[in-house]
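Grab a pencil and try these exercises on the model below. Have a go at each task before you peek at the solution.

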Amino acid sequence: MQLEHLFLQDYRNIVQADLDFSPGLNCFVGRNGMGKTNLLDAIFCLSFCKSSLAQTDALVMRHGTECFQLSGTYRLPDGNRTVIGCMSRARGRKQITRDRKEYQRFSDHIGYVPLVMMTPQDTDLILGASEQRRRFMDVVISQYDREYLNQLIRYNKALAQRNSLLKADVMPDPEMMLMWEQVMDQSGRVIFEKRSELIERIVPYFAEMYGSIAPGNEKADLAYSSHCQRGPLLGQLVEGRAADRAVGYTLHGIHKDELEMKLDGYPVRKEGSQGQNKTFLTSLMLAQYRLLADACGRKPLLLLDDVFDRLDSVRVERILRLVQDSERFGQVFITDVDRNHIGGILDSIGTPYRLFTVENGSVI
């Protein structure tokens with residue numbers, strides 16, 4: 001999958017841009033706050049129907065405007081082209097189109113243009129709450145498994161209904177509770193199985209990527225833990241009603257799952273240096289890329305936003321040599337603050353690339 005052309009209008013601080021890209025490496029360079037990340041975010045939006053930076057479309061529209069437009073022309077693996085469009089108005093609903101045909105459900109588009117994005121905020125995967133790590137699993141699986149996304153939506157709806165009953169002033173109706181618990185049990189079982197499969201499949205890729213980037217004999221690993229490993233979720237939910245009623249929310253279920261991240265057998269959040277954490281995250285994102293390429297049958301877009309901060313030049317060069325390998329990776333978009341830094345490394349590698357300078361929302 002290749003993004004050949006991108007059009008933006010009034011997207012964050014970008015007034016307008018018409019950009020043609022290289023099928024390999026593309027670099028956006030410029031000082032912080034100039035708009036580099038906004039360009040990557042626009043590409044992200046065309047894959048996921050939403051910004052990675054803002055909760056609402058109103059926060060994405062350039063100040064003083066009431067609409068933003070995006071359009072991406074993609075070359076498919078069979079050589080054909082398709083155009084994905086996104087338009088959102090302040091006083092109207094957002095529209096996502098493929099070849100001018102509007103999607104009725106945004107979820108139907110997820111996975112059509114597979115994408116992996118790494119940003120500085122990904123440190124929350126290591127240092128943040130377990131919710132961040134569950135979201136990572138959800139984003140990966142939803143891009144290649146439509147049933148997973150449907151079951152996740154179904155589970156979360158049932159969870160919200162059960163929590164409402166738990167918070168009510170009157171004792172919940174046992175039959176109503178059981179109805180939502182059965183939905184959680186059924187959907188939770190599917191989600192648990194697919195998350196387990198994800199970790200089993202991604203660990204070999206992760207180990208390979210980490211070993212390619214990190215010097216020495218550091219051993220990085222992933223492990224998945226879930227209440228479903230104790231047995232059927234339904235029994236745990238029924239048994240836990242009194243405790244759940246006391247706290248006002250559901251204490252057991254796949255919404256409490258955890259993805260454990262370890263370095264040399266210890267939690268990386270406690271033992272890892274800033275450089276090791278960055279290497280861990282980069283390896284995880286590249287492993288996600290490899291898995292999606294296999295599962296989707298086409299290479300995702302790879303977006304690397306300011307990933308070279310806090311990494312030594314040796315690790316930076318190793319990462320760039322990895323992603324320019326056309327046998328394993330496809331089109332890559334990179335941001336960096338130093339034109340000479342990124343250009344010098346790419347020139348030393350000898351791989352072709354296209355470089356764009358971003359200044360005050362303008363792209364040259």
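Before you start: the model is predicted, so local features need pLDDT of at least 70, side-chain atom pairs count only at pLDDT 80 or more, and totals for chains, interfaces and linings use all residues. Residues are numbered from 1 along each chain as its sequence is written, and side-chain values use heavy atoms, with hydrogens and water left out.

**Exercise 1.** Find what follows helix α1, and work out how many residues of α1 are buried.

*Solution.* Step one: α1 covers residues 36-48; helices here are DSSP runs (H or I, at least four residues), strands are E runs of at least two, and both are numbered from the N terminus. Step three: count the buried residues (under 20% relative accessible area, with exposed over 50% and partly exposed in between, using a 1.4 Å probe and protein chains only).

**Exercise 2.** Which strands stand at the edges of the six-stranded sheet?

*Solution.* Step one: write down the order, β8-β12-β13-β3-β14-β15, in an open sheet with mixed pairing. Two strands pair if DSSP finds at least two bridges between them. Step two: look at the edges, where β8 (115-118) and β15 (362-363) each have a single partner strand, so one side of each has no neighbour in the sheet. Step three: zoom in on β8, which runs parallel to β12 (residues 301-305) and is joined to that strand by four bridges. Here L115 sits opposite L301.

**Exercise 3.** How do helices α9 and α10 lie relative to each other?

*Solution.* Step one: take the axes (lines fitted to C-alpha atoms, for helices over the stretch in contact, with angles from 0 to 180 degrees between N-to-C directions). Those of α9 (residues 274-296) and α10 (residues 313-323) come within 12 Å and cross at roughly 5 degrees. Step two: the two helices are therefore roughly parallel (the word for angles under 35 degrees). Step three: list the contacts (heavy atoms within 4.5 Å). G275, Q276, T279, T282 and L286 of α9 meet R315, I319, L322 and V323 of α10.

**Exercise 4.** Is D138 buried or exposed?

*Solution.* Step one: locate D138 in helix α3 (residues 130-142). Step two: its relative accessibility is 15%, so D138 counts as buried. Step three: skip neighbours within four places in sequence, and D138 contacts Y148, L152 and R195.

Terms used
The expected span of a helix is 1.5 Å times one less than its number of residues. Angles under 35 degrees count as roughly parallel, over 145 as roughly antiparallel, 65 to 115 as roughly perpendicular and the rest as oblique.
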